[in-house]
Amino acid sequence: MRLRFLPLVFILLPLVEIAGFVVVGSEIGVLWTITLVVASTVAGSALLRRQGFGAMNRVRAEMQAGRDPSREMAHGLMILLAAVLLLIPGFVTDIFGLLLFVPPVRELVWRFLKRRVDLSAEFVTMGGMPPRGRPRTIDLGEDDYSTSSRADPASPWNRIPGK
């Protein structure tokens, strides 16, 4: 229902950005306007690198502690979105991008999203143990792992490589 306005956003956003270029360019000049656009692109890539690695480390720490990393993952996605908004030439997208780099703003967006979207899922750490010490045991019968003569000779697991 809400996605029906998405094409309208893609039409209006460039027009708003062009208007922003005209207003800013008339106030500070063309050279300074271009300098600001290039500086925002450089800042976006630098902030993405710095805060993006920090977000990945926080997600890893949450998973190693056995906690749900959905909050940190959402913050990481917001940082990615902020960097993309800064990479898009324009002042309106830059404003929204810079706002998403501010941690209290991301926290407000997280609280808004948390009530509306279920971002939690079961996850397994690198050690293979699920969170909170719940081991996953797969019981195999003797025939499932035996290499006895009862094994099916046509099975691809019994083929010798190169023969």
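Axes are lines fitted to C-alpha atoms, for helices over the stretch in contact, and angles between them run from 0 to 180 degrees between N-to-C directions. In this predicted model, helix α1 (residues 6-28) packs against helix α4 (residues 91-101) at an angle of about 100 degrees, and their axes are 7 Å apart. An angle of 65 to 115 degrees counts as roughly perpendicular, which makes α1 roughly perpendicular to α4. The protein chain holds 6 helices and 0 strands. The points below describe the chain as a whole, then the helix pairs, and then individual residues.

**The chain as a whole**

- Read from the N terminus, the order of elements in the protein chain is α-α-α-α-α-α.
- The protein chain has 163 residues, and buried residues account for 23% of them.
- Of the contacts in the protein chain between residues at least 6 apart in sequence, 56% link residues at least 24 apart.

**Helices α1 and α4**

- On the α1 side, the residues that meet α4 are L13, V16, E17, G20, F21 and V24.
- On the α4 side, the partners are F91, V92 and T93.
- By type, the residues of the contact of α1 with α4 comprise 6 nonpolar, 2 polar and 1 charged.

**Helices α1 and α2**

- Helix α2 covers residues 30-64.
- The axes of α1 and α2 cross at roughly 125 degrees and come within 7 Å.
- The crossing of α1 and α2 is right-handed.
- Helix α1 contributes F21, V24, G25 and I28 to this contact, while α2 contributes V30, W32, T33, L36 and V37.
- The residues of the contact of α1 with α2 comprise 7 nonpolar, 2 polar and no charged.

**Helices α4 and α5**

- The axes of α4 and α5 cross at roughly 90 degrees and come within 5 Å.
- Helices α4 and α5 are therefore roughly perpendicular to each other.
- From α4, the residues L99, L100 and F101 meet P103, V105, R106 and V109 of α5.
- The residues of the contact of α4 with α5 comprise 6 nonpolar, no polar and 1 charged.

**Buried residues of α4**

- The buried residues of α4 are F91, T93, D94, G97, L100 and F101.
- The cover over these buried residues includes α1, α2, α3 (70-87) and α5 (103-116).

**F91 in helix α4**

- F91 belongs to helix α4.
- The relative accessible area of F91 is 15%, and the cut-off for a buried residue is under 20%, so F91 counts as buried.
- Apart from its neighbours within four places in sequence, F91 is in contact with E17, G20, F21, V24, T33, L36 and V37.
- F91 and V24 are 67 residues apart along the chain, and their C-alpha atoms are separated by 8.8 Å.

**T33 in helix α2**

- T33 is located in helix α2.
- With a relative accessible area of 6%, T33 is buried.
- Apart from its neighbours within four places in sequence, T33 is in contact with F21, V24, G25, I28 and F91.
- A polar atom of the T33 side chain lies 3.5 Å from the backbone nitrogen of G25.

**V37 in helix α2**

- V37 is part of helix α2.
- Its relative accessibility is 14%, so V37 counts as buried.
- Apart from its neighbours within four places in sequence, V37 is in contact with F21, P89 and F91.
- V37 and I88 are 51 residues apart in sequence, and the distance between them in space, C-alpha to C-alpha, is 8.9 Å.

**E62 in helix α2**

- E62 is located in helix α2.
- The relative accessibility of E62 is 19%, so E62 counts as buried.
- Apart from its neighbours within four places in sequence, E62 is in contact with R67, D68, P69 and E72.

Notes. Residues numbered from 1 in each chain as written. Predicted model: local features only at pLDDT ≥ 70, side-chain atom pairs only at ≥ 80, totals over all residues. Heavy atoms only, no water. Helix = DSSP H or I, 4+ residues; strand = E, 2+ residues; numbered from the N terminus. Parallel < 35°, antiparallel > 145°, perpendicular 65-115°, else oblique. Contact = heavy atoms within 4.5 Å. Nonpolar A, V, L, I, M, F, W, Y, C, P; charged D, E, K, R; others polar. Buried < 20%, exposed > 50% of the residue type's maximum accessible area, 1.4 Å probe, protein only. Polar contact = N/O pair within 3.5 Å; in protein donor to acceptor, adjacent residues only side chain to side chain. Left-handed = near helix turned anticlockwise from the far one by under 90°.
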